[in-house]
There are 2 protein chains.
Amino acid sequence: MLSQKARYALNAALYLARKNDSASITAIAADREIPRKFLEQIMLQMKAAGLVRSRRGPTGGYYLASAPETITFAAVLRCIDGPLALAPCASFTAYEPCSSCKSVTSCEIRPMLLAVRDTTVLLLEGISLAAAVAEPPSMLSEEKRAGGSA
Amino acid sequence: MLSQKARYALNAALYLARKNDSASITAIAADREIPRKFLEQIMLQMKAAGLVRSRRGPTGGYYLASAPETITFAAVLRCIDGPLALAPCASFTAYEPCSSCKSVTSCEIRPMLLAVRDTTVLLLEGISLAAAVAEPPSMLSEEKRAGGSA
DNA sequence: CCAATTCCTACCGGGCTGATAGAGATTATG
DNA sequence: CATAATCTCTATCAGCCCGGTAGGAATTGG
């Protein structure tokens with residue numbers, strides 16, 4: 001499950017992408033309906049990950065560290081929720097063998113975990129803030145959803 | 001993240017698929033190194049979902065409710081961890097609108113959630129217990145992993 | 001100097017996860 | 001029938017994580 005925190009982070013990043021300018025935490029929080037003090041921590045995490053930068057003082061605020069086309073959903077999710085894999089033993093960025101798995105290579109479950117990770121990462125690395133902000137928000141998965149108006 | 005419980009459930013189901021016969025909780029727990037009393041609850045859940053059946057008394061035990069080719073990873077995971085989607089608003093089986101989302105159709109995040117769900121479900125519905133048990137456990141995702149022996 | 005902002009650290013309640021416990025129901029076997 | 005092996009059910013519990021709050025320190029424009 002996607003954490004609430006991650007959803008907030010995505011919303012904040014998307015807000016910055018839309019605005020294409022620096023914005024204060026207060027402004028972001030108000031617009032995206034995010035608890036202000038909570039958002040502070042989130043922005044700090046995104047800053048630590050190098051996704052956004054900040055300026056202090058009046059007229060200060062946060063802004064994207066690079067073009068919205070270059071910031072992917074995968075990057076945002078990873079810096080908040082950690083690895084995308086369903087289990088550490090299937091993680092690309094933070095591999096760790098299962099505690100209770102006799103041998104990693106003979107595990108009957110791991111191939112599935114790897115497959116899921118691969119497809120998920122492929123997808124998430126392919127979606128940028130810019131892509132999500134541009135266009136009616138349906139193009140991504142609507143292509144094979146024919147005529148479902150409900 | 002995949003819960004420990006779900007991993008136990010998969011292991012138990014795979015054990016039954018391998019054995020192709022009924023097995024007691026004690027036997028399953030011993031072989032797959034699962035806490036016995038915990039496994040009891042898991043088997044009950046799988047039974048409630050119709051994946052396995054049981055017989056009581058001595059010589060009793062659990063057995064798959066249908067051929068291992070017809071039981072998918074998706075089914076096992078769903079009956080333990082609930083919906084596969086990353087968020088309720090993207091769930092196929094348990095849809096529920098986001099609490100803090102002005103409008104479901106204008107959400108900039110949901111298309112991603114739907115896409116992830118689609119690919120994940122497609123994959124997980126495609127892996128049966130039989131498939132996971134047959135063959136060296138790599139074929140599923142090794143096809144594009146050329147020569148990586150580490 | 002003052003006020004607006006980011007930065008940092010600590011804290012906390014509630015729910016979920018991963019168990020453990022024990023009693024009850026069912027059924028082969030001697 | 002008695003026994004023992006099994007499944008079935010419900011309660012309980014400790015620890016952790018999630019979502020959120022709090023308060024103050026540092027920075028900087030006006």
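Biologist: What do β1(A) and β2(A) form, and how many residues sit between them?

Modeller: In this predicted model, β1(A) and β2(A) make a hairpin, with five residues between them.

Biologist: Which residue in the turn has a positive phi?

Modeller: That is G57(A). Its phi is about 75°.

Biologist: In which sense do the two strands pair, parallel or antiparallel?

Modeller: Antiparallel. Strand β1 covers residues 52-55 of chain A, and strand β2 covers residues 61-64 of chain A. Four bridges join the pair.

Biologist: And what stands opposite R53(A)?

Modeller: Y63(A), in β2(A).

Biologist: New topic, the DNA. How many residues surround DNA strand C?

Modeller: There are 26. The closest are I25(A), S3(B), Q4(B), P35(B) and G57(B).

Biologist: Which elements give two or more residues to that surface near DNA strand C?

Modeller: From chain A, they are α2 (25-32), α3 (36-48) and β2. From chain B, they are α1 (4-19) and α3 (36-48).

Biologist: Which one gives the largest share?

Modeller: α3(A), with five residues of the surface near DNA strand C.

Biologist: How do the residues of the surface near DNA strand C divide into nonpolar, polar and charged?

Modeller: Eight are nonpolar, 12 are polar and six are charged.

Biologist: Now the two chains. What rotation superposes chain B on chain A?

Modeller: A rotation of 180°, with 0.0 Å of shift along its axis. The RMSD is 0.1 Å. The two copies are thus related as by a two-fold rotation axis.

Biologist: Through which surface do the copies meet?

Modeller: They meet through the same surface, because 100% of the interface residues of chain B are also interface residues in chain A.

Biologist: Back to one chain. What domains does the assignment give for chain A?

Modeller: Domain 1 is 4-64, and domain 2 is 73-127. The C-alpha centres of these domains of chain A lie 27 Å apart.

Key: Residues numbered from 1 in each chain as written. Chains lettered and ligands numbered in written order. Predicted model: local features only at pLDDT ≥ 70, side-chain atom pairs only at ≥ 80, totals over all residues. Pairing = 2+ DSSP bridges. Near = placed C-beta within 6 Å. Nonpolar A, V, L, I, M, F, W, Y, C, P; charged D, E, K, R; others polar. Least-squares fit on C-alpha atoms with pLDDT ≥ 70 in both. Contact = placed C-beta atoms within 7 Å. Domains from an automatic or database assignment.
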